[in-house]
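Colleague: I am new to reading protein models. Could you walk me through one, feature by feature?

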Amino acid sequence: EGIRTYQQLARQHMSMAPHEHTAAGTVASIVSCDDTIADGGVLNVSLSVNTNEGVDVADLRVVLWGDDGLAALDSYTRTQGSSFALQPGCNVLTLVVGPLRLKRGSYAISIAVLDRANNRHLYWGDRIRTVDVGGATAGAVSYTPPLVCTSISSGNHQVPPSSLASSTCE
């Protein structure tokens, strides 16, 4: 009972409103995002990131927040030993998170794109979308499923995953 009371008190001070922030010289937006996922499925997201300067080593972080305001899933490319580069101009990132093993429910999605050289958040979208997951009715532990940037397109040029494509920039 003490843990439940603590969680309720913490939630009272937590902002659940969507918020987006970009670094100076960066424009970013969600191109597409799944809104429903079957149990064991993956979350697909496309994100457009337009930067004035290239970024040699960039990282992605995706967090899914449960109804209780706590992180149910936290995937971070840096902890998984992967990264990618961003070219100056428009880059469209295609992300895949999963397979997801979450309890059934609705989750708020937060996404960050970071410059590893200085940990600057090029883009931070906090609780910007929601996704309904058709999982089991009970679950108790947060976890870190694989997060893969399957492609990056820069303008109309496709880049392989480790220098890393999909869509075009406007």
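**Reading the model**

Modeller: Gladly. Of the 170 residues of the protein chain, 41% count as buried. Keep in mind that this is a predicted model.

Colleague: How many helices and strands does the protein chain have?

Modeller: One helix and 12 strands. Read from the N terminus, the order is α-β-β-β-β-β-β-β-β-β-β-β-β.

Colleague: Which strands pair with β10, and in which sense?

Modeller: Take them one by one. Strand β1, residues 19-22, pairs with β10, residues 120-134, in the antiparallel sense over four bridges. There, His-19 has Asp-126 as its bridge partner. Strand β3, residues 36-38, pairs with β10 in the parallel sense over three bridges. Thr-36 stands opposite Asp-132 in that strand. Strand β9, residues 105-115, pairs with β10 in the antiparallel sense over 10 bridges. One partner pair there is Ile-109 and Arg-129.

Colleague: What links β9 to β10?

Modeller: They form a hairpin with four residues between the strands. Asn-119 is in that loop. Its phi is positive, about 60°, although Asn-119 is not a glycine. With a relative accessible area of 43%, Asn-119 is partly exposed.

Colleague: What does the side chain of Arg-127 lie over?

Modeller: Arg-127 lies over the face of Trp-65, at 4.2 Å from the ring centre. Arg-61 makes a contact of this kind too: its charged end sits over the ring of Tyr-76, 4.9 Å from the centre.

Colleague: How do I describe two aromatic rings together?

Modeller: A pair is described by the distance of the centres and the angle of the planes. Here, a search of the whole structure finds zero aromatic pairs.

Colleague: How many disulfides are there?

Modeller: Zero, in a search of the whole structure. Still, look at two cysteines. Cys-33 counts as partly exposed because its relative accessibility is 22%. Cys-149, at 8%, counts as buried.

Colleague: Where does Asn-91 lie, and what is close to its side chain?

Modeller: Asn-91 lies in strand β8, residues 89-97. Its relative accessibility is 0%, so Asn-91 counts as buried. A polar atom of its side chain lies 3.2 Å from the backbone oxygen of Gly-89.

Colleague: Is Asp-67 buried or exposed?

Modeller: Exposed, because its relative accessibility is 64%. Asp-67 is in the loop between β5 and β6. Now compare sequence with space. Asp-67 and Ser-106 are 39 residues apart in sequence. Their C-alpha atoms are 7.1 Å apart in space.

Technical notes: Residues numbered from 1 in each chain as written. Predicted model: local features only at pLDDT ≥ 70, side-chain atom pairs only at ≥ 80, totals over all residues. Heavy atoms only, no water. Helix = DSSP H or I, 4+ residues; strand = E, 2+ residues; numbered from the N terminus. Buried < 20%, exposed > 50% of the residue type's maximum accessible area, 1.4 Å probe, protein only. Polar contact = N/O pair within 3.5 Å; in protein donor to acceptor, adjacent residues only side chain to side chain. Pairing = 2+ DSSP bridges. Disulfide = S-S within 2.5 Å. Phe/Tyr/Trp six-rings, centres within 6.5 Å; stacked < 30°, edge-to-face > 60°. Lys NZ or Arg CZ within 6 Å of the ring centre and 35° of its normal.
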